[in-house]
Amino acid sequence: MTEYTTGIPHEPGSQWYDSEAGPLVRPYAMTGGRTKSGPAGVRFDLIALVTLDPNAPVADDDTALGPEHRALIDLCRVETQSVAELAAGADLPVGVIRVLLGDLLELGCVTVSRPVPPAQLPDERILREVIAGLRAL
């Protein structure tokens, strides 16, 4: 028996990973090989805000959810977070987060507020005219 720097004995020929090896569970395993979120392929923007639904049907002991799903629920329980913040907080790739959020959205555990597309925002000139009109009152 030999020992690695971790001090853990192992059999010769067996493979041990150290802290620099990264996650032992690959992203495709966390998502079941899926790359799109939900049956409709809902795509989450990085700045979309995710909120835990107060009427969520999920209990803490729900076996239908994996540990990654529960981690996202715990992160959203504290406060509303963007998809990018959830990816950073869970230390998972954004693609994985999007698939997992699609699962949580289908189950009714979270709600997602999508950002307004720039084409639907009012023109700055119009807003300035409205402000000027209000000041004139």
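Predicted model: local features only at pLDDT ≥ 70, side-chain atom pairs only at ≥ 80, totals over all residues.
**Whole chain**

Start with the cartoon of the whole chain. There are 5 helices and 5 strands to find. Traced from the N terminus, the elements come in the order β-β-α-β-α-β-α-α-β-α. Colour the chain by burial next: of its 137 residues, 24% are buried. If you display contacts with a separation of 6 or more, 67% of them join residues 24 or more positions apart.

**The sheet**

Select strands S3 (49–52), S4 (81–82) and S5 (110–113). These 3 strands make an open sheet in the order S4-S3-S5, with antiparallel pairing. Which strands stand at the edges? They are S4 and S5; each has a single partner strand, so one side of each has no neighbour in the sheet.

Zoom in on S3 and S4. The two strands run antiparallel and are joined by 2 bridges. Show the residues there and pick Leu49, which stands opposite Ser82 in S4.

**The nonpolar core**

Keep H4 on screen and show side chains. The largest nonpolar core has 20 residues. To find the members that touch the most others, select Val50, Leu72, Val83, Leu86, Ile97, Leu101 and Leu104. Two or more core residues come from each of these elements: H2, helix H3 (83–90), helix H4 (94–106) and strand S5 (110–113). Which element gives the largest share of this core? H4 does, with 5 residues.

Setting aside residues up to four places away in sequence, Leu72 touches Leu86, Ala90, Ile97, Leu100, Leu101 and Leu104.

Is Ala56 buried, partly exposed or exposed? Its relative accessibility is 25%, so Ala56 counts as partly exposed. Beyond its neighbours within four places in sequence, Ala56 is in contact with Gly108 and Cys109. Also draw a distance from Ala56 to Leu107: the C-alpha atoms are 8.1 Å apart, although the two residues are 51 positions apart in sequence.

**The cysteines**

From Ala56, step across to its contact Cys109. Cys109 is counted as buried because its relative accessibility is 0%. Then select Cys76, which is also buried, with a relative accessible area of 4%. A disulfide is a covalent bond between the sulfur atoms of two cysteines. How many disulfides does the structure hold? The count is 0.

**Salt bridges**

Side chains of opposite charge can pair when their charged atoms come close. The structure holds 4 salt bridges, and the stops below visit some of them.

Next, select helix H5 (residues 124–136), which contains Arg128 and Glu124. This pair forms a salt bridge whose closest N and O atoms are 2.5 Å apart. The two residues are 4 apart, or about one turn of the helix. At 56% relative accessibility, Arg128 counts as exposed, since the cut-off for that class is over 50%.

Stay in H5 and select Arg125 and Glu129. Their salt bridge has its closest N and O atoms 3.0 Å apart. Because Arg125 and Glu129 are 4 residues apart in H5, about one helical turn separates them. Glu129 has a relative accessibility of 48% and so counts as partly exposed.

How values were computed: Residues numbered from 1 in each chain as written. Heavy atoms only, no water. Buried < 20%, exposed > 50% of the residue type's maximum accessible area, 1.4 Å probe, protein only. Contact = heavy atoms within 4.5 Å. Disulfide = S-S within 2.5 Å. Salt bridge = Lys/Arg side-chain N within 4 Å of Asp/Glu carboxyl O. Core = buried A, V, L, I, M, F, W, Y, C linked by side-chain atoms within 4.5 Å. Pairing = 2+ DSSP bridges.
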